[in-house]
Amino acid sequence: MATRQTLFEFIGARYPEILALALDHMRITGLAVLLAIVLGVPVGIWITRNKKLARYVIGTANIFQTLSSLALFGLVIPFMGVGLKPAVFVLFLYALLPIIKNTYIGIESIDPAAIEAGRGMGMKNHEILFMIEIPLALPVIMGGIRISTVINIGTATIASLIGAGGLGDFIFKGISMYNNNYLLAGAIPTALLALGVDGLLGLLEYKITPKGLRLARS
C-alpha cells in the first residue's frame, strides 16, 4: 500500500519542476512590471505638468484595477491568443495604476521651495526634473513599483489558466486533484517570492535614495 507523501517529500521530489515554474513566474511578472515602469513613470511625470488630465489618466488606470483578472484575460484572448503575451499584457495593465499614481503623488508632494531654489540657480526644466524632482520623489515612486510587483506576483498565478505557466500550474493542479501538496507547493513559493522581491526592492530603494533624504526620514 502506497504511503502518502509529506509536503517536504513532495517538494523535494519535484524541486526542479518547482524551480522552473518559479523562474517562469518571475519572467511573466518582471516583463509586465518593467513595461509598466517604462510607460507609467513618464505618464506620471507628464500629468504633473498637465494637472487637468491627471484625474482622467488615473481614473482610466483605475478601471483596470477594478476589473477581474479573469475577465481581462477573457477579453484579450480573442486578440492575443493564449500564453505569455496576453499574460504579460494583463499584468502590465494591473501594474500601471500604482506606478502612475505614486509618480504623480511623489512629484506633487515636493516642497515648491526646492524647485524654486533650483530655478534660482539657473537650472532648466529638465535639470530640475532629473536633479531635484525625481530624486526627491524616488521613495514614493519605488513604493508604487513595489506594490505593483507584489500584486502581480500573486495575480500571475491566474495566468496558468491561459497556458502562460508559472507557479499557478501547481496551484490549479492541486485544486483540480484535491491534492494539498500540489496546492501548497505552488502557493508557498509564490508567497516567498513576493516577500523576497519586496525585500530586495526595499533594499534597492534605500540604496538609491539620496543620503540626505534618508537621514531626514530616519
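This is a predicted model: local features need pLDDT of at least 70, side-chain atom pairs count only at pLDDT 80 or more; totals for chains, interfaces and linings use all residues.
Entry 1, Gly186. I looked up the position of Gly186 and found it in helix α9, which spans residues 180-208. I listed its contacts, leaving out residues up to four places away in sequence, and got Leu167, Phe170 and Ile171.

I looked for aromatic pairs and the structure holds four. In one of them, the ring centres of Phe10 and Tyr182 are 4.7 Å apart and the planes meet at 75°, so I noted the pair as edge-to-face. Phe10 belongs to helix α1 (residues 7-13) and Tyr182 to helix α9, so this pair ties together parts 172 residues apart in sequence. Both Phe10 and Tyr182 are buried.

I went on to Phe170 and Tyr182. Their ring centres lie 5.2 Å apart with the planes at 75°, so this pair is edge-to-face. Phe170 sits in helix α8 (residues 168-177) and Tyr182 in helix α9, so the parts tied together here are 12 residues apart in sequence.

I looked up the accessibility values behind the burial calls. Phe170 is at 1% relative accessibility and therefore counts as buried. Tyr182 is at 12%, which is under the 20% limit, so Tyr182 counts as buried. I recorded Phe10, Phe170 and Tyr182 as one aromatic cluster. Phe170 is also among the residues that Gly186 touches.

Technical notes: Residues are numbered from 1 along each chain as its sequence is written. Side-chain values use heavy atoms; hydrogens and water are left out. Helices (H or I, at least four residues) and strands (E, at least two) are DSSP runs, numbered from the N terminus. Contact means heavy atoms within 4.5 Å. Rings of Phe, Tyr and Trp (its six-membered ring) pair if their centres lie within 6.5 Å; planes under 30 degrees apart count as stacked, over 60 as edge-to-face and the rest as tilted. Buried means under 20% relative accessible area, exposed over 50%, partly exposed in between (1.4 Å probe, protein chains only).
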